[in-house]
Amino acid sequence: MKTNLLWVEKYRPKKISDVVGNELAKTELINWLQSKRHKKKGVLLYGPAGVGKTALVNAASNQFNFSIIEMNASDTRTEKAINKIGKPATSFIALDTFSSERRGNILFLDEVDGVFGRQDRGGIKAIINIIKESLIPVVMAANDVDQQKLRPLKKVCQMIRFQQIRIPLIITTLRKICVAENIQAEFEALERIAQNSLGDMRSAINDLQSIGEGKQFLKLQDTAFLTVRNKDVGMYDTLKGMFSSETIGDSAMVLNRSNVNYDDFLLSFSDNLPLRYRNPTDLATAYDLVSRADMFRGRVGTDNWHLLRYFFNFLAEAATVSPKSYKSFDLIYPPMRIMKLFWTKGKRTNLENICAKISLRCHVSQNTAKTDMIPYIKMMIKKQKSSSIISWLKLEPNDVDFLLKLNDL
Amino acid sequence: MKVIILNNKEFILPRVERENFIRLMKLGLEYNRDKGTFSINNFDNIKEAIDTISDILNDEVQFLQNCLMCHKDFPCSDCKYTDFCETKNLPFKCVCPQCLTGKKSPQKTLF
């Protein structure tokens, strides 16, 4: 019998032991659900997508006979909507709690990091109130908990972290599904699907279904059309990946998969070029290509994202001017320009204060004071330390010392 | 620097100074007085705990993984997917290379 069910639904874990990986998180959630006195009234499961957060809540409620009251991203989650569903559910103990079979309800709020914007106004505040007043366990799940808006929520919740699923565990699960679906799969094909999933079990099962459903045999070549998933590759890995690539295509792919801020990346990339290319001709060519990439970054702005490919291509070309000359080196990161601004912040603040005093006295802008007047005032003070201009400008002794030591900032 | 492989269920450390002992306890380790062995009780600060143990032993430390299928312990160095692994060397459950490539059906042994 062929069913139209998605395999992620068909093979959804029924028991806690069926949830693969993240044993630590499993133990923590079980302990929390079983304890009668919670230190914190809510629990927030967080981690990347497809690692079993929702599956674990469903499996745990199944196993411990809880009924789930769920709100996810598809629901409107304004203060009013959350209170309408959450308040009755959490303020009264269900009658079936007194039966021997059921243990009551769990309020499960999935994807709480997606509660935002005008349509979900007041949502987080309502959730916090419900957690504080709730008589039943409140479980939440989120991918990204580093957002500012989730800070108050984190304070009232026990945080349980989920990590990516290990590749061998994904391969084993895919093998199990293949056995159940009567598919004879090559190990290499399953390995490819698992590696491509980047630790996301849901996407691995979806990929397996998309290429394996209805087939008797699954071969490595069947996986050739799988789309490559974006991974959160940081600045360091992107720089390293691009500089060590042998072809422009590989290098561009590394940048394409990364989640870096392109402006910061451009600065860091330029900083590292002299370390990458020792040959002056190669270095000049690379800088020329970076300048063109910079030009296209400017043209992309915030609207013309179709031009981003030219930015990628020029940078990829700059990274692979002479691929054979690549030798591992210590990357400079964060960008020197940003670091210099950070290091000189104190000095710049002092200078701005002095410029403010000059501009007030001389009726000029602070910028004019900085560029046109500071050099001359500095010369005057250097010649005569007790110059009357100091008292006229109301400069403090600290300001005078600062001006005397001042180099170009 | 050599690599020392420890079993998270029970391992022995050379005499640990008071400060380091307190630090290890705070990082989630447990000490069995009768046996004189340490074990990992809480995995929240596992990376810091491993660094501290490395400092004490003055060598790199790796923990054994436990195979979900055959229940044997094995080190991460046997695995070829460590580049893709977010939790490498951390003592969690996994599947050993023999079981992974073996003919034994996971249906019977796993889940």
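Chain B contains an open sheet of 3 strands in the order 6-5-7, with mixed pairing. Strand 6 (73–74) and strand 7 (93–94) of chain B stand at its edges with a single partner strand each, so one side of each has no neighbour in the sheet. Strand 5 (residues 65–67) of chain B pairs with strand 7 of chain B in the parallel sense, over 2 bridges. One of the positions involved is C67(B), whose bridge partner in strand 7 of chain B is C94(B). Two strands count as paired if DSSP finds at least two bridges between them. Helices (H or I, at least four residues) and strands (E, at least two) are DSSP runs, numbered from the N terminus.

The model is predicted: local features need pLDDT of at least 70 and side-chain atom pairs count only at pLDDT 80 or more, while totals for chains, interfaces and linings use all residues. Residues are numbered from 1 along each chain as its sequence is written, and chains are lettered from A and ligands numbered from 1 in the order in which they are written.

**Chain A as a whole**

The secondary structure of chain A comes to 19 helices and 7 strands. Its mean pLDDT (the predictor's confidence in each residue, from 0 to 100) is 84, and 90% of the residues of chain A reach 70 or more. Among the elements of chain A, the lowest mean pLDDT, 70, belongs to helix 4 (residues 79–91), and the highest, 94, to helix 13 (residues 280–300). Where pLDDT is low, the predicted coordinates should not be read in detail.

Of the 409 residues in chain A, 33% are buried. A residue is buried if 20 or more other C-beta atoms lie within 10 Å of its own, exposed if 12 or fewer, and partly exposed in between, with C-beta atoms placed from the backbone. Two residues are in contact if their C-beta atoms, placed from the backbone, lie within 7 Å. Of the contacts in chain A with a separation of 6 or more, 76% are between residues 24 or more positions apart.

Strand 4 (residues 138–142) of chain A is mostly covered, with 5 of its 5 residues buried. V138(A), M140(A) and A142(A) point one way from the strand, and V139(A) and A141(A) the other way.

| Partner strand in chain A | Bridges to strand 4 | A residue pair |
|---|---|---|
| Strand 1 (residues 42–46) | 5 bridges | Y46(A) and A142(A) |
| Strand 3 (residues 104–109) | 3 bridges | L109(A) and M140(A) |

In helix 10 (residues 235–244) of chain A, T238(A), L239(A), M242(A) and F243(A) are buried. These residues cover an arc of only 120° around the axis, which puts them on the same side of helix 10 of chain A; the arc is that of the directions from the helix axis to the C-beta atoms. The cover over the buried residues of helix 10 of chain A includes helix 11 (248–257), helix 12 (262–276) and helix 14 (308–319) of chain A.

**Nonpolar cores**

A nonpolar core is a set of buried Ala, Val, Leu, Ile, Met, Phe, Trp, Tyr and Cys residues joined through C-beta atoms within 7 Å. The largest has 82 residues, and those with the most contacts inside it are L45(A), I127(A), M140(A), I170(A), L174(A) and V95(B). Helix 7 (residues 167–180) of chain A gives the most to this core, with 7 residues. Leaving aside neighbours within four places in sequence, I127(A) is in contact with I82(A), L109(A), V112(A) and L153(A). Apart from this core lies another, of 21 residues, among them A252(A), F269(A), Y277(A) and V321(A).

**Where chains A and B meet**

Contacts link 18 residues of chain A with 18 residues of chain B. On the chain A side, helix 2 (23–34), helix 7 and helix 8 (187–197) each supply at least two residues. Helix 7 of chain A provides the largest share of that side, 8 residues. By class, the side of chain A that touches chain B has 7 nonpolar, 6 polar and 5 charged residues. Here Ala, Val, Leu, Ile, Met, Phe, Trp, Tyr, Cys and Pro count as nonpolar, Asp, Glu, Lys and Arg as charged, and the others, Gly among them, as polar.

**Two loop residues**

N22(A) is not a glycine, yet has a positive phi of about 50°. N22(A) lies in the loop between helix 1 (7–10) and helix 2 of chain A, and is buried, with 27 other C-beta atoms within 10 Å. E111(A), also not a glycine, has a positive phi of about 55°. E111(A) is in the loop between strand 3 and helix 5 (123–133) of chain A, and counts as partly exposed, with 19 C-beta neighbours inside 10 Å.
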